[in-house]
Amino acid sequence: MLFAVDFFLRRLVQGLVIVVLVAMLIFTLLRVVPGDPVRIMLGPMVTAEMAEETAQKMGLRDPVPVQFIRYAAQVISGDFGHSFVRSAQGGSTGGSRGGDTFDASNRAPVMGLILTALPYSLLLAGLALGISLVISLPIGIVAGLFSGRWPDRLALYLSSLFVSLPNIWLALVLIFLVSVKGGLLPAIGYQNWTYAILPALVLAIELSPVFIRSASVAVSSNMMESYVPSGIIRGLSRPRMIVAHVLRNSMIPLLNVVGIQAIGLLLGSLFVIEYAFNYPGVGLLMINAVFQRDFPVIQAIAILACTVLVLVNILVDFAATTIDRRLQY
Amino acid sequence: MTTRRQVLVGAGATLALGAVGMPLAAKAQGKKTVVLASMGPLTGNFDPTSHTTLGQGNFDKLIFSHLTRAPMEEGKTDVLEPDLALSWQIIDEHTLEFKLREGVKFHDGQDFSAADVKATYEYASQPDRPASSFYPGQVEVEVVDPLTVRIKTDKYGYPASTFWFVSSYLPILCAADIADPAKLQSRPNGTNSFKYVMTEGDRSTLEAFDGYYAGRPKIDEIVYAYVPDANTRVLGLMNGEYQIAERLEPEQYQSLLSNDTVAVRKGMSTENKYLHFRCNKAPFDDPRIRLAACHAIDREQILALMGDAGVASNCFVSPMKFGYTDIPNYPTYDPAESARLLEEAGFPGGKGLPQLEYITSIGFYPKTKEYGELIAAMLMEVGFDVQLTVLEPAAWEQAIYRGADGQGPGHMCDVGWMTGSPEPDLVLRPNWHSSAALINGVNDAEIDAALDKERATLDPAERMKVLAEETFPLLAAKVPSFSLFSAVVFHGAAKNLKGAYYYPNGPIDLTKADLV
């Protein structure tokens, strides 16, 4: 119990530092790269004077550290602000003016936008993870059990093939073959959960090589451990030895891969895939926000993604120590 | 006994069957719905005067009517048809009269009358309204009777005839809405054939308006969906999710020509693509240097690169605009003349010229980066030292317009200009009159005088002559900007969608359309 408290306290403090650093980096980069959000908010033909006046009113001309401290105070109070460009009704861009200039009350709260999009992304990510594990665990485990033989080689070839397929290309090809030509699955946008299958398949194919290699390496190295022949000599059957001991011990590296690499990969690829499929999740929200210089949305999603990654990392490490008490993180 | 495994297997099988069967079954409905995959998003502020965005302009056109309708067919750019007005005439230099249609209703049930036209024109033309840059200037409107209005410009000192063509572009709002800005911004209320229902994220739904004056449209519902990626728009069109996909890429147009279920359409737009010179700073403050640059550019090579997406034109406005003509002295590809002009200006072979930054975009118009590289190479051939800066749309949009100090970054910019009526002044004045010159910053008294003169010419035939013989030749001699070509737009639609009308500036009229 004391171990758990100490572990979480230590890791959460470390995680907080990482999140703050990432937030500072994103915040600064957004303000350094070209592209003035005010022109997108108020429309391209807005006069230079009005654009400048609005930027000053919104504090966008203050020094970056001042802006960041103001933003951090706002976030600590639980307010991620309002979108620069998305309207309260959900419309997706700026370029309009109400009475005088920018009116924040007419724009959607960032957290509301994220909470609306999040379930779609969770469904997609969950489905992708599920499909990926279903594809890769059997292949990886069999490859590990028959290390050096044809199942191992087959797993290697499959992984190499999957890892070589660019996700955006695969997305377009699958939409064309499965949806346009085959008429088997819907592909663009979202009407019901079946719209998540095809994008999930693309993500799953991208994730699978990592899982296949991790599973096969973990199982194969465990099979070479001395406890395997010892157990069998002591009367355990080979299937029982594999299921109860080898697979259990192989789960530790796999858990790390799922937790850290897979979630990281998923977060990155989700953005691209949601854009390609016009799937209304957090990824599409983020990509459009980048195009439209919607700083509050970009910042909030980056902070939340970083927080998720840090938390998953902590939980994975904790789970690993629970499986194998010898591990120290 | 049913085991847990059996339950899981059963549930999995049900889900898998559902996955295959659901999407196709979901489409089997009686309602005639057109999903329009748009390349431009909506602003969420439904006051049409609050924005200048292309996507929402197209959306507005489905909901709002105008006094007149300009079909803008090639070769017949001066044709106006009745919409909310049945007839119109110029009374005098500063007065334009419209006789209005009787029995028209707004979507919220209110009757349309002259009071709505007065409220709309006086509100929309106020200089502080963002969309006022699309209109010639401020107006006063006299209500002669409930079905007659007079647009008056005497107080503001310019001819009322400038609203002749703009009457086909200025959306008519309800006077009661204009009096209540919050209501005006919260939902669009027009008199056209489709009325607004709701917006969910990037999808806005419209339904057929039973009270439309020309009869209820056959399409029951339009879903206006923002789909930023051109590939996604095309794939959605091909798999039947969308019935119309806007702004296809030229290559997509070619590949869809032989498709069984999709019909593609290519049409000249009201947009020309320009190479703007920053005329308010060296070296392009000297017209000879600008002309030298123009003579160094072989537009035939650019057109070969553009393929179907561009059409040759030797004018500062598109062939879909009133007054378009092939200008006799329009600069042609002539490297020797370019060299001569550079020498005359004191920069033989380009020696002594500073490095020139040429700003263009990627991902907004077709092939801008590719022909940008070509132009840069051609300019370097005659001695210009050109650095091409390729920016993504948000950064490019910030870079092209002049700042508060009157200056903009770089020396040349690639920009297109698309407006919604045949009126040429909507292109000419914002770009080359010193009161605006939004991008190039030109400030030339002769150009200003020529633009003022053509605007003040009331008789259309006489105005066309002034444009052809005075205004355009002067612009061609001073080239504050070089029009490279006229742009072509591509649309894709389901083959069973009949009767849709595609305007050259982007909007699509589905009033008479049907899914057969």
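This is a predicted model: local features need pLDDT of at least 70, side-chain atom pairs count only at pLDDT 80 or more; totals for chains, interfaces and linings use all residues.
Biologist: Which element gives the largest share of the side of domain 1 of chain A that touches domain 2 of chain A?

Modeller: The contact takes 24 residues from domain 1 of chain A and 18 residues from domain 2 of chain A. On the domain 1 side, α1 (2-32), α2 (37-42) and β1 (82-87) of chain A each give two or more residues. The largest share is 10 residues, and it comes from α1(A).

Biologist: How many residues of that side of domain 1 of chain A are nonpolar?

Modeller: Take the side of domain 1 of chain A that touches domain 2 of chain A. Two of its residues are charged and eight are polar. The nonpolar count is 14.

Biologist: Is α14(B) roughly parallel or roughly antiparallel to α15(B)?

Modeller: Helix α14 spans residues 425-432 of chain B, and helix α15 spans residues 445-456 of chain B. Their axes come within 11 Å and cross at roughly 160°. Angles over 145 degrees count as roughly antiparallel. Therefore α14(B) and α15(B) are roughly antiparallel.

Biologist: How many charged residues has the contact of α14(B) with α15(B)?

Modeller: α14(B) brings B:Asp425, B:Leu428, B:Arg429 and B:Trp432. α15(B) brings B:Ile447, B:Leu451 and B:Arg455. By class, four are nonpolar and none is polar. The charged residues number three.

Biologist: Is the crossing of α14(B) past α15(B) left-handed or right-handed?

Modeller: The two axes cross at roughly 160°. The crossing of α14(B) past α15(B) is left-handed.

Conventions. Residues are numbered from 1 along each chain as its sequence is written. Chains are lettered from A and ligands numbered from 1 in the order in which they are written. Two residues are in contact if their C-beta atoms, placed from the backbone, lie within 7 Å. Helices (H or I, at least four residues) and strands (E, at least two) are DSSP runs, numbered from the N terminus. Ala, Val, Leu, Ile, Met, Phe, Trp, Tyr, Cys and Pro count as nonpolar, Asp, Glu, Lys and Arg as charged, and the others, Gly among them, as polar. Axes are lines fitted to C-alpha atoms, for helices over the stretch in contact, and angles run from 0 to 180 degrees between N-to-C directions. Angles under 35 degrees count as roughly parallel, over 145 as roughly antiparallel, 65 to 115 as roughly perpendicular and the rest as oblique. A crossing is left-handed if the near helix is turned anticlockwise from the far one by less than a right angle, and right-handed if clockwise.
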